[in-house]
Amino acid sequence: MNTSRKTASAKATAAKAAPRKPAPSRTAPVKAKSPARKAATPAPYHHGDLPGALLKAAESLLESAGLPGLTLRAVAREAGVSHAAPTHHFGDLTGLLSELAAVGFQRFHAHAEAAQMDAATPAQAALARAGAYLSFARTWPGMFTLMFRADRLDMTRPSLRDAADAAFGGLAASVGAQGIGAAATAPMTLAQAAQIARAWSVVHGFSMLLLDGRLCDMLRRLPAGTTPEMLFVEMLASPNHKP
């Protein structure tokens, strides 16, 4: 009996002397918080000149997709605004196209005036203006085509009427400076009208033939390196076809 008590006492003493293992923590490890996700909200559209932005978008579509791809919804989408914006500012597609054509005539007039600025004679000025006509058509073919699509435009809109009149006035003055007298506005003589119409028909007809690809075969038959501009100048140099 004494031996059992001594053994039990020795075991108890040894248990007290042994270092205790730390009890496993029952607290769940704290997970690192992931950064809060912000709700994706589109940035508000701000523009100081919304009509100008819409016209810019319309021109971009006109040159890339052509007139068939230019709709009010497509313009709004290109500009990044609501579908109602073009209607609010231009009324309908005809209104938008008319204002876009007005931009075209303004640019065309400025382009032609700048081209003839350094000309020394009326003949040189007329030739420079004719070259500007062709270069405008080649640089902005969509805009050039729209400007002469009377079936898609409202020529009674003041902006378009004024811009087209200014462009015609520049042509008439250039032709008139070569001897028939300026006739930018009514009235004009039959001879003046015939001279202006002839010059206009020559440069416009050549430009349209080139844009439509109708001169490709003719250009292929010419010596290597002959450009459309070279053919154009040679045509205008003919005694019966002065610009």
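Reply: The model is a predicted one. Ser98 sits in helix H5, which spans residues 93–115. What does Ser98 touch, leaving aside its neighbours within four places in sequence? Its contacts are Leu153, Asp154, Arg157 and Leu160. Leu160 falls in helix H8, residues 158–180.

Next, the partner of H5. The axes of H5 and H6 approach to within 8 Å, and they cross at roughly 140 degrees. In general, a pair of packed helices is described by two quantities, the angle between the axes and the distance between them. Over 145 degrees would count as roughly antiparallel, and 65 to 115 as roughly perpendicular; H5 and H6 are therefore oblique to each other. The crossing of H5 past H6 is right-handed. On the H5 side, the contact uses Gly104, Arg107, Phe108, His109, His111, Ala112, Glu113 and Ala115. On the H6 side, it uses Ala128, Arg129, Ala132, Tyr133, Ser135 and Phe136. By class, the residues of this contact split into seven nonpolar, four polar and three charged.

Now the link between the two helices. Ala119 lies in the loop that joins H5 to H6. Is Ala119 buried, exposed or partly exposed? Its relative accessibility is 27%, so Ala119 counts as partly exposed. Not counting residues up to four places away in sequence, Ala119 touches Gln124 and Ala125. Both of these are in H6, residues 122–139. Ala119 is also 10 residues from Arg129 in sequence, with 9.8 Å between their C-alpha atoms.

Take Leu171 first. This residue is in helix H8, which covers residues 158–180. With a relative accessible area of 14%, Leu171 is buried. Where does Trp200 stand relative to Leu171? The two are 29 residues apart in sequence, yet 7.8 Å apart in space from C-alpha to C-alpha.

Then His204. It is placed in helix H9, residues 190–211. His204 has a relative accessible area of 18% and counts as buried, because the cut-off is under 20%.

H6 has another partner, H11. Helix H11 runs over residues 228–237. The axes of H6 and H11 come within 11 Å of each other, crossing at roughly 145 degrees. This crossing is right-handed. H6 contributes Leu127, Ala130, Gly131, Leu134 and Arg138. H11 contributes Pro228, Glu229, Phe232 and Leu236. The class count for this contact is six nonpolar, one polar and two charged.

Back to H5, this time as a cover. H5 is among the elements that cover the buried residues of helix H3, and so are helix H2 (50–65) and helix H4 (84–90). H3 itself spans residues 72–79. Which of its residues are buried? They are Leu72, Ala74, Val75, Ala76 and Ala79. Just past the end of H3, Gly80 adopts a positive phi of about 75 degrees.

Finally, the setting. The protein has 11 helices and zero strands. Of its 243 residues, 31% are buried. Among contacts with a separation of 6 or more, 66% join residues 24 or more positions apart.

How far does the predictor's confidence go? Mean pLDDT is 84, and 75% of the residues score at least 70. Residues 34–44 are a stretch to handle separately: pLDDT stays under 50 there, and the model gives them zero contacts beyond four places in sequence.

Notes:
Residues are numbered from 1 along each chain as its sequence is written. This is a predicted model: local features need pLDDT of at least 70, side-chain atom pairs count only at pLDDT 80 or more; totals for chains, interfaces and linings use all residues. Side-chain values use heavy atoms; hydrogens and water are left out. Buried means under 20% relative accessible area, exposed over 50%, partly exposed in between (1.4 Å probe, protein chains only). Helices (H or I, at least four residues) and strands (E, at least two) are DSSP runs, numbered from the N terminus. Contact means heavy atoms within 4.5 Å. pLDDT is the predictor's confidence in each residue, from 0 to 100. Axes are lines fitted to C-alpha atoms, for helices over the stretch in contact, and angles run from 0 to 180 degrees between N-to-C directions. A crossing is left-handed if the near helix is turned anticlockwise from the far one by less than a right angle, and right-handed if clockwise. Ala, Val, Leu, Ile, Met, Phe, Trp, Tyr, Cys and Pro count as nonpolar, Asp, Glu, Lys and Arg as charged, and the others, Gly among them, as polar. Angles under 35 degrees count as roughly parallel, over 145 as roughly antiparallel, 65 to 115 as roughly perpendicular and the rest as oblique.
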